[in-house]
Amino acid sequence: MPTNPGDGEQFAARVARMVDATEEQLLRLIAQLLADGADETDWAATRLRDVQRLLWAAQRSGKELDKVLRQAVLDAILDSINVGTMTAITDLPAQAPVITGAAVPTSEALAAATQAQISQAIGRMPSLLQRVYEEAVHAGASTVLDGRRTRLQAAQSVLDRLLGQGIRGYRDSAGRSWSLDTYVEMSVRTVTGQAATQAHLDQLQHAGRDLVIVSDAPRECPACRPWEGKVLSISGRVGAVIETDRTTGRTTTVVVAGSVADAKAAGLQHPNCRHSLSSYVPGATRSPRSSHNPDGYEHTQRQRAMERKIREWKRREALALTPEAQALARGKVRSWQGQLRAHVAQHDLKRLRYREQASPLAH
């Protein structure tokens, strides 16, 4: 089966779990520090003295995570290139020439570029955690003056905001703000998806195949929809192209809608796109049957939003400072699970439970 950018999700997921585990560990430390000595009169001063402990832990964890991710990102890109190459090989005759030796240097270059971005994001983690921790301490201290809430309740509200938004502060080239886990997952998903699809195209072109056809995807996004079933050229030939019919041996005219580069520039094969490109053989390849579902993309995006909410509230439950916060979070988990269950049943979607799981440390 041809690969598509959505295949990058499987590679990104294993890297994201490493980030989640580190982030969870540091958030647990924040919760522990805030909960210590909640009834002490000098609670705020003591908590602020613990900032150095938090910074030291964040710096050490960040260095360890950065080191582990360097190999993990390289392995993910290598695996994605191998997947892309092998899926192309299954689409070719047995005697077709195979690319060899190109994956390692290509993977190393992609991994270095991706890791540079990730390392920069990880480097900001200590200062961002310090800011949130100090804000929680000050919120807890202020309750002594107004008497409206306990220290832990005030600190909990700050921590809840962090858990709802993630450790934000990582900006991409477009200026968008991301949480650390989402930023890393997005970066790896994008680069591995692109690597797999490019390796697939490189292998086809190496074997002398220039034309590809865009698959049908039942829950396509608006940007991809115009390209479904269209024939594209890897090299850039566009328009009426003369080819040989592989079944009759005669010449035939193939209408090429555009180059692969043009289609991608217009939005085809964006990260998480489910459209694949397979070798187009004149006279032998049939156009895919359209299964147009204009609302399908929105339904899948809604599913992802619900999965994020379930993960968020599971983490809130695990890091609750008060029994009330824990009970609230547990109820929210059940509520979102019920909504997701109804949503996938109503719209005939596949429930992917691994996307609902918080990191292992949350259990």
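Predicted model: local features only at pLDDT ≥ 70, side-chain atom pairs only at ≥ 80, totals over all residues.

User: What makes β5 and β6 a pair of strands?

Analyst: Two strands pair if DSSP finds at least two bridges between them. Strand β5 (residues 239-244) and strand β6 (residues 251-256) have six bridges, in the antiparallel sense, so they count as paired. T244 stands opposite T251 in β6. Six residues lie between the strands of this hairpin, where G249 takes a positive phi near 80°.

User: How do you know that β4 and β7 pair, and in which sense do they run?

Analyst: Two bridges join β4 (residues 231-233) to β7, and these strands run parallel. S233 has S259 in β7 as its bridge partner.

User: Why are β7 and β8 called edge strands?

Analyst: The open sheet has the order β7-β4-β3-β8, with mixed pairing. Strands β7 (258-259) and β8 (277-279) each pair on one side only.

User: Why is α1 called roughly antiparallel to α3?

Analyst: The axes of α1 (residues 8-35) and α3 (residues 51-89) come within 7 Å and cross at roughly 170°. Angles over 145 degrees count as roughly antiparallel, under 35 as roughly parallel, 65 to 115 as roughly perpendicular and the rest as oblique. Therefore α1 is roughly antiparallel to α3.

User: What makes R316 a charge over the ring of W313?

Analyst: The rule requires NZ of Lys or CZ of Arg within 6 Å of the ring centre and within 35 degrees of the ring normal. R316 lies over the face of W313, at 4.1 Å from the ring centre.

Notes: Residues numbered from 1 in each chain as written. Heavy atoms only, no water. Axes fitted to C-alpha atoms, helices over the stretch in contact; angles between N-to-C directions. Helix = DSSP H or I, 4+ residues; strand = E, 2+ residues; numbered from the N terminus.
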